[in-house]
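Dear colleague,

Please find the structure below, together with its sequence. My notes follow it, and I would be glad if you read them with the coordinates open.

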Amino acid sequence: MNNRKLYDHKNVENKIYQYWIDKNYFSSYPDKRKPYTVIMPPPNITGILHMGHILNNTIQDILIRYARMKGYNACWIPGTDHASIATEAKIASYLKKKGLSKEKIGRQEFLKLARQWKNKYEQIIINQIKKIGCSCDWNRKKFTMDSIMNESVTKIFVKLYKEGKIYRDYSIVNWDPYAKTTVSNEEIIYKKYNGKLFYIQYKIEGENNFLTVATTRPETILADTAICVNPKDKRYLNLKNKRVIIPLCSRSIPIIEDDYVDMNFGTGCLKITPAHEKNDKLIADRHNLSVINIFDDRAIINKNGLIFNGKERFKAREEIIEFLKSKKRLVKIENYIYNIGISERTKSIIEPKLSIQWFVNMKDFIIPTLNFINNKKIHFYPKNIKKFNHWLYNIHDWNISRQLWWGHRLPVYYYNNEDFVVSETIEGALKEARIKSDKIFLSYKELRQENNVLDTWFSSWLWPISVFDGIRFPNNNEIKYYYPTQNLVTAPDILFFWVTRMIMSGYYLMGTPPFKTIYFTGVVKDKQNIKMSKSLGNSPNPIDLIDKYGADAVRVGILLSANTGNDLIFEENLCLKGRNLANKIWNAFILINTLKSGNCLKTNIYAELAIKWFDNKINKFFSKIEFYLKKYRFYESFMMIYKLFWNDFCSLYLELIKSNSRFLNKKIINQTLFLFKKIIKLFHPYMPFITEKIWQNFKKNENDLIITNLQNKYFFKKKLIKKFKKSITFISIIRNLRIQKKRKLLILSENKKNLFYSLILKLGNLSSLHVLKKKPKKKYYSLIFETKEYFIPKLLNYNKLEQKKKIFIKKIFLKQIKNKIYNKKFLEHALLDIVKKEKKKELDCLKKIFLLKKNINEF
């Protein structure tokens with residue numbers, strides 16, 4: 001294209017976004033239209049967004065913009081998550097650099113600092129979301145610790161407690177020694193660990209004999225309260241009712257029997273440490289064993305560890321092994337590979353710990369959730385839900401208390417030391433405590449609120465309901481209008497943390513799932529195939545990419561990486577492709593904007609044909625793109641528009657409408673503009689900034705592009721599109737001959753309706769068309785196209801080798817067909833129509849080979 005110019009995204013994007021905001025285009029209110037609601041998975045306020053967030057939000061914006069253009073009342077609710085553990089860990093790290101700790105500055109000062117942190121990073125995140133072009137309803141922005149959200153969370157906690165679905169109990173939990181809090185099973189990453197298996201002798205009490213026990217954790221020996229063997233193990237039948245002496249002290253512990261013990265592991269003897277292993281605790285409960293805890297909250301040995309008191313757990317392991325060696329109680333050490341749990345947030349090795357915690361009883365939630373899924377009340381893309389069902393069938397009660405300060409504080413109030421009441425307010429708690437304690441003059445000073453806060457996911461599981469205030473006011477107009485939401489776009493790694501639990505709360509509170517469909521994006525990875533994340537620092541700053549390439553280009557870059565549910569490798573050069581596309585669109589706009597009409601009244605038949613063809617093709621694409629979007633095939637839908645614009649519109653259509661005159665018929669210019677605007681409509685959900693900018697230059701008494709309705713019915717002629725495509729294919733064959741002078745095209749017994757011959761003559765550099773009944777006698781070049789024979793006379797430089805190659809390829813194809821149609825199994829099972837089609841292919845192939853051979857022999 002002439003007058004090529006680069007698209008200046010920096011001069012467009014901020015102005016266009018502000019224009020949309022000023023026009024209130026993102027806002028939604030209940031009305032008579034059909035709602036299309038999407039809730040944003042709230043990003044954590046722990047720093048900047050990474051490319052996974054950009055992928056997720058780009059997809060959501062495509063859906064919401066497309067729905068808005070289809071006439072729906074589109075409502076996209078943005079928000080951020082307080083992220084208890086992650087945020088507190090970040091702030092703790094910040095304080096440590098200053099020589100401080102949260103304990104030193106106190107709870108109130110720490111929470112003040114946390115709110116400042118939240119305000120800073122929430123603003124950064126919102127600016128990033130706006131920069132990428134997300135059309136969220138900012139009037140509805142939520143934060144998981146807003147007053148309304150906090151009140152909703154408290155209300156549900158109290159409700160569940162009163163119904164017996166929340167309880168307090170001692171249990172083995174996953175303890176993060178760095179964050180000094182419990183974490184859920186879903187917040188742990190399990191990794192293979194090249195460890196050791198230590199064989200240690202325990203002296204049998206009253207005898208000069210020893211029992212050898214194999215363990216991976218000698219640092220917990222001083223917490224042992226029994227040695228357990230399998231009652232079926234014949235090797236240890238003589239040990240019944242006997243005791244052994246712990247090798248690090250003089251304390252004796254019983255030898256017990258339990259079917260849990262694996263006779264093939266180690267020596268078949270299992271040391272029982274109830275305070276530091278879940279299965280050991282279950283055995284201890286069955287046998288009424290005592291419980292000894294030897295770790296403090298930092299996983300440092302406490303006073304129960306005797307001479308090892310104050311030692312870090314892994315340092316203690318080393319010293320205990322040396323001690324056992326010196327006492328000749330260490331039999332041997334073997335290499336042993338086993339899994340260890342790592343805290344996803346702090347990367348600390350998880351320590352099982354017996355602790356008093358709060359739990360949600362999950363049994364009442366499982367069956368309804370499975371019914372929603374298995375009865376297809378929720379649609380999944382991709383459709384693999386095997387892991388989903390497996391997790392539900394094996395679910396444990398949910399530990400919801402966290403030993404943190406940043407979060408929703410439990411609405412639990414203690415009096416008389418450990419007696420407590422659960423209430424939404426302290427006023428209600430006091431009234432209830434006075435009744436329970438029978439102390440009419442009990443004062444506020446005698447109440448102590450629980451220090452623990454709730455698991456972050458306890459507020460998040462209510463998100464689709466609480467954003468519409470549907471917990472405080474269950475039947476309000478908004479929850480009735482917008483719920484259930486249409487789509488949830490999320491990453492697969494929070495399927496169990498969040499998605500499943502939202503379905504559970506949807507059943508519990510609303511009786512319906514919170515969303516109709518769930519689309520799981522792929523995981524965005526770097527060149528080393530490692531997941532991009534803020535903690536690893538391997539994700540480019542999206543703002544830097546947007547500044548360099550433009551928001552539309554970055555959106556295109558992430559789309560070019562993405563396929564349904566597949567992990568993707570993101571590379572910066574994909575944004576460069578996006579920028580090249582933006583420049584191509586911009587230059588098409590410049591060209592069309594400079595087309596001139598003059599006194600040219602003569603009809604350009606090639607242009608009119610091109611207009612008919614492209615109008616039909618774009619209408620066909622409208623329906624195809626809608627189909628792809630309904631199936632969440634974003635890559636395919638985008639690539640279809642990309643190729644339609646680049647190949648069909650720029651490379652072909654614009655060439656066809658050209659004439660010898662520099663002026664075009666006004667009708668052609670208007671129709672070209674009409675078709676270009678159709679392309680811009682298709683591109684808008686994917687590339688909103690450049691399309692809106694171009695639309696502003698073209699619109700006449702029309703709505704802005706963001707609210708321009710896409711047509712609902714698509715009329716197109718399949719035969720016309722097919723005929724045009726055939727004609728273009730035929731033209732490419734002729735062009736490959738490199739004809740320098742115009743020649744006649746001769747057709748042998750051909751129906752002229754099969755191709756657009758006016759188009760072929762124009763683009764094939766041919767002078768005229770003749771239909772023959774007989775093959776010409778003079779020298780000619782024969783073309784085989786769709787089993788028909790065409791001739792161009794007096795053509796030099798005939799390429800015999802090229803024709804032989806074509807025969808070779810046809811013969812391979814023919815062999816494949818014959819292998820199929822002469823196969824007994826195929827003939828027995830295939831439908832008659834399919835067999836007929838295959839036999840027709842065989843005949844067509846034979847005919848083409850015959851004509852090609854004939855052409856070689858006769859030339």
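I809 is placed in helix α25 (residues 800-821), where helices (H or I, at least four residues) and strands (E, at least two) are DSSP runs numbered from the N terminus. Please keep in mind that this is a predicted model, in which local features need pLDDT of at least 70 and side-chain atom pairs count only at pLDDT 80 or more, while totals for chains, interfaces and linings use all residues. Residues are numbered from 1 along each chain as its sequence is written, and side-chain values use heavy atoms, with hydrogens and water left out.

To return to I809, this residue is exposed, with a relative accessible area of 56%; here buried means under 20% relative accessible area, exposed over 50%, and partly exposed in between, with a 1.4 Å probe and protein chains only. Together with F808 and I812, I809 makes a nonpolar surface patch of about 320 Å². Such patches are made of residues with over 30% relative accessible area and no salt bridge, like charges being joined within 9 Å and nonpolar side chains (Val, Leu, Ile, Met, Phe, Trp, Tyr) within 5 Å. The areas themselves come from the Shrake-Rupley method with a 1.4 Å probe, and for residues only the protein chains shown count as cover.

Next, a helix pair. The axes of helix α2 (residues 51-69) and helix α17 (residues 551-561) come within 10 Å and cross at roughly 100 degrees, which makes α2 roughly perpendicular to α17. For these values, axes are lines fitted to C-alpha atoms, for helices over the stretch in contact, and angles run from 0 to 180 degrees between N-to-C directions; angles under 35 degrees count as roughly parallel, over 145 as roughly antiparallel, 65 to 115 as roughly perpendicular and the rest as oblique. On the α2 side the contact (heavy atoms within 4.5 Å) involves M51, I54, L55, T58, D61, I62 and R65, which meet V554, R555, I558 and L559 of α17. K234 itself is in the loop between β9 (226-229) and β10 (243-245), and at 73% relative accessibility K234 counts as exposed.

Turning to charged pairs, side chains of opposite charge can pair when their charged atoms come close. A search of the whole structure finds 46 salt bridges, each defined as a side-chain nitrogen of Lys or Arg within 4 Å of a carboxyl oxygen of Asp or Glu. One of them joins E322 to K325, with the closest N and O atoms 3.7 Å apart; both residues lie in helix α8 (residues 313-326), 3 residues apart, about one turn of the helix. E322 is partly exposed at 48% relative accessibility, and K325 is likewise partly exposed at 43%.

Another salt bridge pairs E702 with K677, the closest N and O atoms being 2.6 Å apart. This pair links distant parts of the chain, 25 residues apart, with E702 in the loop between α22 (688-698) and α23 (718-735) and K677 in helix α21 (residues 666-683). E702 is partly exposed at 34% relative accessibility, whereas K677, at 14%, counts as buried. There is also a network of salt bridges that links R217, E219, E312, R313, R317 and E351.

Finally, some backbone features deserve a look, given that most residues other than glycine have a negative phi, and most peptide bonds are trans. A cis peptide bond joins Y381 and P382, with omega about -10 degrees, and P382 is in the loop between β15 (379-381) and α10 (386-393). A cis peptide bond also joins Y483 and P484, with omega about 0 degrees; P484 is found in the loop between α14 (477-482) and β22 (485-490). As for phi, K347 has a positive value near 65 degrees without being a glycine, and K347 lies in the loop between β13 (330-343) and β14 (351-360), where K347 is partly exposed with a relative accessible area of 46%. Y632, also not a glycine, has a positive phi of about 60 degrees and is found in the loop between α19 (605-630) and α20 (634-656); in contrast to K347, which is partly exposed, Y632 is buried, with a relative accessible area of 6%.
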